[in-house]
Amino acid sequence: MPPKSSSGKDKDVAEEDEVLQAVILADSFNKRFKPLTVGKPRCLLPICNATLLDWTFESLALAGVQEIFVICRSYADQVKAAIRDSKWSKPSSGLKIVPIVTAKETFSPGDAMRDIYTHGIITSDFLLVTGDLVSNVRIDEVVRAHKERRRTNKDAIMTMVVKESGAAHRTRSRGETGVFVLDPDTSECLHYESAVGYPATPLIQIPREVLVEHPEVEIRYDLIDCAIDVCSVEVPSLFQDNFDYQDIRRDFVHGVLTSDLLIKNIYCYVAKDGYAARVADTRSYDAVSKDILARWTFPLVPDDNHPGGHSYEHLRGNKYIAKDNSVVLSRTCKIGNNTLIGSHTTIEAGASVHASVIGQRCTIGPGAVLRDAYIFDDTHVGAGCLVEGSIVGERVRLGDRCRVPRGCVIAGGVTIGEDANLRNFERVSRMRTAKEKGDADDADDEDDEQDSDLEEVEAHQEEAEEVLGKSTNALLWPQGPTEEDESMDVRDQFNNLRLMRIGTYFRDPASDLELSDEGSTTDDYSDTDTSYSVRSRASSMTSTSGPPLTLSLGDPSAQTSAIHTLHTAAAETEFRSEVAQSLERAFAEGHSVENAAVELKTLRMASNVPLRRVREAVVGALVDRVPLVPGDAAAQRAEIAQVVRRWGALVDKIGGVDAVETVEVLQYHCAHAGPGARQALFAQVLAAFYQQDLVDEDDVRAWHRSPAARGEGLKPGSSLAEGVKRCWAVGAKMIEQFDEESESESEEGSEEEDPAPLKASAPAPTKAPAKEESESEEESEEESEEEEEEVPVPPKAQTQAAAPIPPKAPAKEESESEEEESEESEEESEEESEEGASASPSAKGSAVPAPASRPAAQPPKAPQQQVDSESEDSAESEHDESETPRKTTSASAA
């Protein structure tokens with residue numbers, strides 16, 4: 001028998017022995033770190049006292065990579081020297097690192113990929129990362145999943161590593177994000193769209209074919225792109241075949257997924273565990289540094305196999321002090337949490353360091369304060385200096401009492417004079433010497449662009465000495481946009497770069513970013529801010545053909561600052577817009593209150609906004625829907641009653657009943673309208689709410705006692721505060737009328753309970769129980785509309801009963817016989833039999849002629865009728881003034 005073939009087993013062994021290769025793009029191809037990158041590549045900038053390239057090597061070594069190709073163009077000699085002098089060049093490191101210098105014409109990641117194809121260095125699936133990566137993700141698992149997928153689908157050419165994040169995650173870029181459309185079952189990326197922060201990307205378009213072929217998709221805007229890609233060997237050739245591919249995400253991924261010719265598949269690996277982030281700008285530099293100090297990157301932490309080869313002691317509160325006993329700390333200095341101090345550094349008396357990183361051989365002078373500061377090697381900070389939320393390069397000297405506020409970037413070798421006071425987000429670099437300018441004239445094309453930038457900066461130094469102090473060698477870089485800004489890629493334009501600067505936090509990312517700047521708002525998604533979204537919602541699709549499906553990016557983002565409002569207010573802005581459209585449809589098409597409430601509940605759950613926002617929208621829509629009738633109070637009341645009677649119930653059917661909040665919302669909506677006709681509607685609308693049982697007397701009183709009703713916390717003298725006070729004063733008058741009516745009802749009740757003074761021997765007291773029973777029946781039914789219509793009936797009954805009074809006028813003498821009294825009781829019994837079940841009118845009718853038997857009893861009755869008439873007139877006049885509800889007044893009149 002011939003031996004069995006072992007080719008399958010040999011193939012598996014060969015795959016296991018296959019060397020895992022990685023390609024590092026060391027160039028950034030942008031200017032986001034300037035002036036720190038003047039004369040130095042970005043990948044050699046230190047973060048937590050180790051270069052970005054060292055952190056990238058450490059991340060790849062942790063993932064089991066064995067061979068690394070470093071693709072570099074700018075300052076290639078420095079990159080090769082750094083690799084040669086690092087611990088990674090030793091055989092014991094287990095890594096083979098090969099630096100490859102690309103052509104001078106390499107200006108984008110796409111050009112670098114074409115150079116990789118030209119060199120022919122890739123022999124199998126490989127990792128593609130950037131030279132600013134910090135990660136502890138198990139990339140070997142991603143590689144394994146990619147290779148298993150390739151066994152069944154040869155068209156699966158790439159797997160992108162992404163991580164879920166919240167909208168406020170500090171490593172999430174504010175200026176450059178992406179929207180991923182994924183298949184929820186296979187994690188295949190069906191579509192990709194990039195988005196920028198300024199001007200905001202309000203819409204993305206998804207081909208309808210994607211939704212036709214995939215009945216269920218996930219539209220993800222909550223993913224951080226880790227810039228870790230597992231690529232097949234054919235990816236470089238695709239770049240070679242398509243010279244339009246410059247950016248890996250915006251051009252290559254988007255182009256492959258939308259191409260009708262390239263039938264290729266790209267997948268996403270959503271990492272649930274681990275940490276991965278790029279140091280793509282100075283803002284992410286700050287975020288990743290804080291994550292390293294807070295040990296989110298474990299085991300990549302300063303005290304455990306530091307990438308730079310340093311040794312640190314980890315103390316309580318995440319304080320890292322160099323272990324070689326070379327750090328000198330004064331007894332009176334203060335070292336806060338999340339702080340790293342390099343070797344041979346001295347911190348003098350009274351100095352304070354909090355949440356900062358200090359390099360090696362630095363000196364922090366007496367009384368200096370460092371907060372969220374990053375100090376590179378060999379830097380001196382003078383006495384009494386303040387450095388906050390800024391990056392200070394190597395060999396910098398800050399004179400005494402310098403102030404470096406948040407957002408500043410100071411390049412290496414700069415000297416700043418005493419008492420200098422920099423402005424926020426200032427960029428400073430060193431002046432070139434005459435020799436350096438002469439060398440620049442003889443340099444090749446590599447540094448031409450850099451030299452032109454410096455020449456432009458040197459030409460505008462009018463404010464340098466005033467800001468930087470005397471005895472300085474520094475240049476101030478412009479803070480505004482340059483002439484070339486409009487021709488640059490939108491991601492690298494000045495206003496978008498402002499979102500990616502150090503010192504811009506989630507709650508106040510760009511406090512100097514004017515909301516009125518051109519491009520900060522769009523026609524459909526504008527309220528008070530520029531907007532980039534943390535969620536996306538598809539519009540309804542009615543057909544499977546036609547133009548691409550448009551998705552709106554709202555959000556996130558709203559409150560007082562420019563970009564914090566993006567996240568917190570943009571979603572509410574979108575919600576208010578949709579609620580307004582929903583209510584407008586309901587008003588125009590005559591929907592039922594129940595159907596309108598269901599749609600509002602659905603919108604609220606989809607937008608995840610508080611119930612108060614829904615109430616504000618509904619109450620505001622009702623007030624704004626009331627037509628104004630100037631000069632005619634009765635007609636205005638009728639218009640309000642019509643609107644509230646039709647739609648008022650919607651206020652309590654949106655998901656919860658809170659009458660006090662309803663009154664407060666009404667107050668603030670009318671106050672916002674200013675001292676005009678809409679603000680004057682407050683009293684009348686509140687009265688209409690009272691009539692429809694949306695609020696009651698106790699609710700009005702509780703609202704009136706609340707601090708918000710009195711306008712506490714509002715800016716004194718503002719139009720809103722004045723409007724709130726006016727509405728509160730109207731509520732005070734209404735409560736006074738409530739009190740007066742309560743007293744009037746109590747007085748009437750006491751008079752009705754004691755009828756003896758009117759007539760001691762008359763049969764009327766025998767009818768009093770019937771009258772009281774009638775009144776109790778009326779009070780129990782006064783909430784119904786039928787009972788309100790019967791309110792005028794009692795006066796009518798009195799008139800009918802009073803008709804027989806003239807024939808009985810001669811019988812007013814005191815000698816009247818008991819026979820006449822018996823006739824009166826017989827007439828009353830006949831009237832009761834005719835009236836049937838109408839006990840109340842008969843009782844009231846019998847009470848009117850009773851005083852005819854005694855003239856002495858008649859005078860007290862007339863004043864009582866006059867009081868009732870006056871109270872009715874008074875109630876009507878007060879009702880016209882402040883729209884006191886009619887329910888209580890009607891009851892008292894009855």
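Begin by selecting Leu 370, Leu 398 and Ile 410, which touch the most other members of the largest nonpolar core, a set of 62 residues; such a core joins buried Ala, Val, Leu, Ile, Met, Phe, Trp, Tyr and Cys residues through side-chain atoms within 4.5 Å, where buried means under 20% relative accessible area, exposed over 50% and partly exposed in between, with a 1.4 Å probe and protein chains only. Helix α9 (residues 282–293) gives the most to this core, with four residues; helices (H or I, at least four residues) and strands (E, at least two) are DSSP runs numbered from the N terminus.

This is a predicted model, in which local features need pLDDT of at least 70 and side-chain atom pairs count only at pLDDT 80 or more, while totals for chains, interfaces and linings use all residues. Residues are numbered from 1 along each chain as its sequence is written, and side-chain values use heavy atoms, with hydrogens and water left out.

Stay with Ile 410 and display its contacts (heavy atoms within 4.5 Å): leaving aside residues up to four places away in sequence, Ile 410 touches Leu 36, Ile 391, Val 392, Gly 393, Val 396, Leu 398, Val 404, Ile 416, Leu 422 and Val 428. Then move to a second, separate core of 48 residues, whose members include Val 623, Val 626, Phe 682 and Phe 689.

Next, colour the strands of the open sheet, six of them in the order β18-β21-β24-β27-β30-β33 with parallel pairing, where two strands pair if DSSP finds at least two bridges between them. At the edges are β18 (328–329) and β33 (415–416), each pairing on one side only. Inside the sheet, β24 (residues 363–364) and β27 (residues 380–381) pair in the parallel sense over two bridges, and the bridge partner of Thr 363 in β27 is His 380.

Now turn to the aromatic rings, where ten pairs are counted; rings of Phe, Tyr and Trp (its six-membered ring) pair if their centres lie within 6.5 Å, with planes under 30 degrees apart counted as stacked, over 60 as edge-to-face and the rest as tilted. Phe 239 and Tyr 245 form an edge-to-face pair, 6.1 Å centre to centre with 80° between the planes. The rings of Tyr 690 and Phe 738 have centres 5.6 Å apart and planes at 35°, so this pair is tilted. Because Tyr 690 lies in helix α20 (residues 677–691) and Phe 738 in helix α23 (residues 719–753), the pair ties together parts that are 48 residues apart in sequence.
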